[in-house]
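Dear colleague,

I am handing over the structure below, together with some notes on what was found in it. Please read the notes with the coordinates open beside you.

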Amino acid sequence: MRWVIFFAFIGCFITSCSLTKIDSSNWMDSAYVPGTQTRMLVIANTDDKQLQQEYENRMALQLKNKGIIPLKMHKLLPQIPYKEERTDEEVEQIVTLFKEKGIRTVLLASQKSVETKEVASRLSFKNYMNSIEPLRTDGVVNKNLSYDMVEQTTYTVEAVVYDLAKSQGNRAVASTTVVAVNPDSKEKVVRRFFKEIELLFGKR
């Protein structure tokens with residue numbers, strides 16, 4: 001699976017019989033105190049250089065507005081190439097390089113998954129009528145019912161704050177996850193994602 005940032009998707013649209021839904025969830029370690037960071041490296045995990053710069057710049061601005069000095073991966077360490085998958089040894093080499101540059105905290109945004117499947121349309125009256133059939137109380141169930149189906153695409157993206165002083169496998173201290181189902185507007189999801197990222201560093 002390619003771990004690229006969500007906003008690279010092209011041609012995402014909503015059909016007349018699909019529903020749009022955007023949800024989010026946040027998590028923070030009990031020891032994590034928002035707003036106490038002084039410097040942070042921001043990374044947009046994508047092989048698209050232009051996209052990387054665009055979103056690292058945007059994340060950096062958010063941190064600056066919170067009083068945190070931002071460092072951008074594409075500026076600080078452009079020599080580190082994007083890789084779809086890294087070994088534990090490669091990760092530790094990069095972490096060592098970060099620490100040598102005085103970096104102790106990292107904000108990384110990436111795509112977790114994209115899932116497309118056929119689902120029964122919730123807007124179909126035929127589907128509603130057919131759903132009544134299995135509720136019969138005589139024990140007879142018609143398993144050959146037909147339904148109007150639509151394609152549903154779900155995008156899941158995540159931004160995670162890592163404390164590099166912690167041991168490998170235990171470095172995440174805060175995260176936000178946004179799940180968008182059949183998004184009808186790229187910018188709407190972008191705004192929601194960055195709004196949730198902002199909340200990781202204290203209330204506005």
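Is lysine 83 buried, partly exposed or exposed? Lysine 83 has a relative accessible area of 32% and is therefore partly exposed, where buried means under 20% relative accessible area, exposed means over 50%, and partly exposed lies in between, with a 1.4 Å probe and protein chains only.

Before going further, please note that this is a predicted model, in which local features need pLDDT of at least 70 and side-chain atom pairs count only at pLDDT 80 or more, while totals for chains, interfaces and linings use all residues. Residues are numbered from 1 along each chain as its sequence is written, and side-chain values use heavy atoms, with hydrogens and water left out.

On the salt bridges, a search of the whole structure finds 7, a salt bridge being a side-chain nitrogen of Lys or Arg within 4 Å of a carboxyl oxygen of Asp or Glu. Side chains of opposite charge can pair when their charged atoms come close. One of the salt bridges joins lysine 83 to glutamate 90, at 2.7 Å from N to O, and glutamate 90 counts as partly exposed at 23% relative accessibility. Another links aspartate 184 and lysine 188, whose closest N and O atoms are 3.2 Å apart; aspartate 184 is partly exposed at 39%, and lysine 188 is partly exposed at 34%.

A further salt bridge, at 3.1 Å from N to O, brings together the side chains of arginine 192 and glutamate 196. These two residues are separated by about one helical turn, because they stand 4 residues apart in helix H5 (residues 186–199); helices are DSSP runs of H or I with at least four residues, numbered from the N terminus. Arginine 192 is partly exposed, with a relative accessible area of 26%, whereas glutamate 196 is buried, with a relative accessible area of 6%.

The other site to look at is glutamine 62, which lies in helix H1 (residues 49–65) and counts as buried because its relative accessibility is 15%. Leaving aside neighbours within four places in sequence, glutamine 62 is in contact (heavy atoms within 4.5 Å) with Phe194, Lys195, Ile197 and Glu198. A polar atom of the glutamine 62 side chain lies 2.6 Å from the backbone oxygen of phenylalanine 194. Glutamine 62 and glutamate 198 are 136 residues apart in sequence, yet their C-alpha atoms are 6.6 Å apart in space.

With kind regards

Methods
A polar contact is a pair of N or O atoms within 3.5 Å; within protein, one must be able to donate a hydrogen and the other to accept it, and residues adjacent in sequence count only if both atoms are side-chain atoms.
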